[in-house]
Amino acid sequence: MGFAWMFLGYVLLLGTNFKIFGVALDVTPDVVGFLLLSHGFSVASRYCDCFKISKILGNVGIPLSLLYLIAEVSSSLEIISFSGDLIFAVKYGYAFFKLIFSLCLLYSLYLISAQTGVEKLRKKSIRLAVYTALFFFAEHFLPQVLSLAGVSLEASKIAEIQMLLNILCILINATLIFGCYMWICLEGDEDMPDNRKHKYKTPFDYFDKRRAEEELQTTGKKHKKK
């Protein structure tokens, strides 16, 4: 279904910016994340139309995130001099795009959960859409909120809290994607053979095995009742 690619790609949108040799770099580059997400949407689109908008925004996110990365590195190395207003506009414009993308992704997961009848994931997608909007507000309006509360913090501390809020938001939403990977299986795919050729084990192999064991136990209990 492509959920594994979506999970890996979305986690890379963490926005973990650190200074390395004086250059501010995102150690989880968004452009790689959007590439993985787009691949996941392409796979999922073979089964349903739930990811149509997410796929479009994911493809848009690839060049946008690449341009944003180039702008960040150029500004950090002082290759190009940007005005403060332009930096502010680019930063918040890109952040707003990521918000819209996340909400669209959650809506896609809501649709696929409703379509497959996984009620707990459908309800969770609604909750996470609200949490995502609240996290965005808390992250980007944190200085104003602290000022109104009479709290004074150093700019570096505020930046650390903002990065933490962004990380928490991404990780919480990623749990929904992982839940879809665990519990959503479209009709006709239940008995699909595992054609993977790799010999090494990944976390997804472990959870696939766990899910198969739970389904086997459930089937066994049903037969005993009969």
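In the predicted model, Phe41 and Phe51 are both buried. A search of the whole structure finds 10 aromatic pairs, and the rings of Phe41 and Phe51 form one that counts as stacked, because their centres are 6.0 Å apart and their planes meet at 25 degrees, below the limit of 30 degrees for stacking. The pair links distant parts of the chain: Phe41 belongs to helix 2, whereas Phe51 is placed in the loop between helix 2 and helix 3, 10 residues apart. Ring pairs extend this arrangement into a cluster that joins Phe41 and Phe51 with Phe3, Phe34, Phe97 and Phe101.

Phe34, a member of this cluster, is likewise located in helix 2, which spans residues 30-44. Its relative accessibility is 0%, and Phe34 is therefore classed as buried, the cut-off being under 20%. When neighbours within four places in sequence are set aside, the contacts of Phe34 are Leu13, Gly58, Gly61, Ile62, Ser65, Tyr94, Phe97 and Phe101. Two of these contacts, Phe97 and Phe101, also belong to the ring cluster.

The largest nonpolar core contains 36 residues, of which Phe3, Tyr10, Phe51, Phe101, Leu109 and Ile112 touch the most other members. Two or more residues are contributed to this core by each of helix 1 (3-11), helix 2, helix 3 (52-76), helix 4 (84-116), helix 5 (119-140) and helix 7 (155-183). Helix 7 provides the largest share, with 9 residues. Phe3, Phe51 and Phe101, named among the core residues that touch the most other members, are also part of the aromatic cluster.

Arg122 is situated in helix 5. The relative accessibility of Arg122 is 18%, so this residue counts as buried, given that burial requires a value under 20%. Apart from residues up to four places away in sequence, Arg122 touches Tyr110, Ser113 and Ala114. Lys120, in turn, is positioned over the face of Trp183, at 4.7 Å from the ring centre.

Key: Residues are numbered from 1 along each chain as its sequence is written. This is a predicted model: local features need pLDDT of at least 70, side-chain atom pairs count only at pLDDT 80 or more; totals for chains, interfaces and linings use all residues. Side-chain values use heavy atoms; hydrogens and water are left out. Helices (H or I, at least four residues) and strands (E, at least two) are DSSP runs, numbered from the N terminus. Buried means under 20% relative accessible area, exposed over 50%, partly exposed in between (1.4 Å probe, protein chains only). Contact means heavy atoms within 4.5 Å. A nonpolar core is a set of buried Ala, Val, Leu, Ile, Met, Phe, Trp, Tyr and Cys residues joined through side-chain atoms within 4.5 Å. Rings of Phe, Tyr and Trp (its six-membered ring) pair if their centres lie within 6.5 Å; planes under 30 degrees apart count as stacked, over 60 as edge-to-face and the rest as tilted. A charge sits over a ring if NZ of Lys or CZ of Arg is within 6 Å of the ring centre and within 35 degrees of the ring normal.
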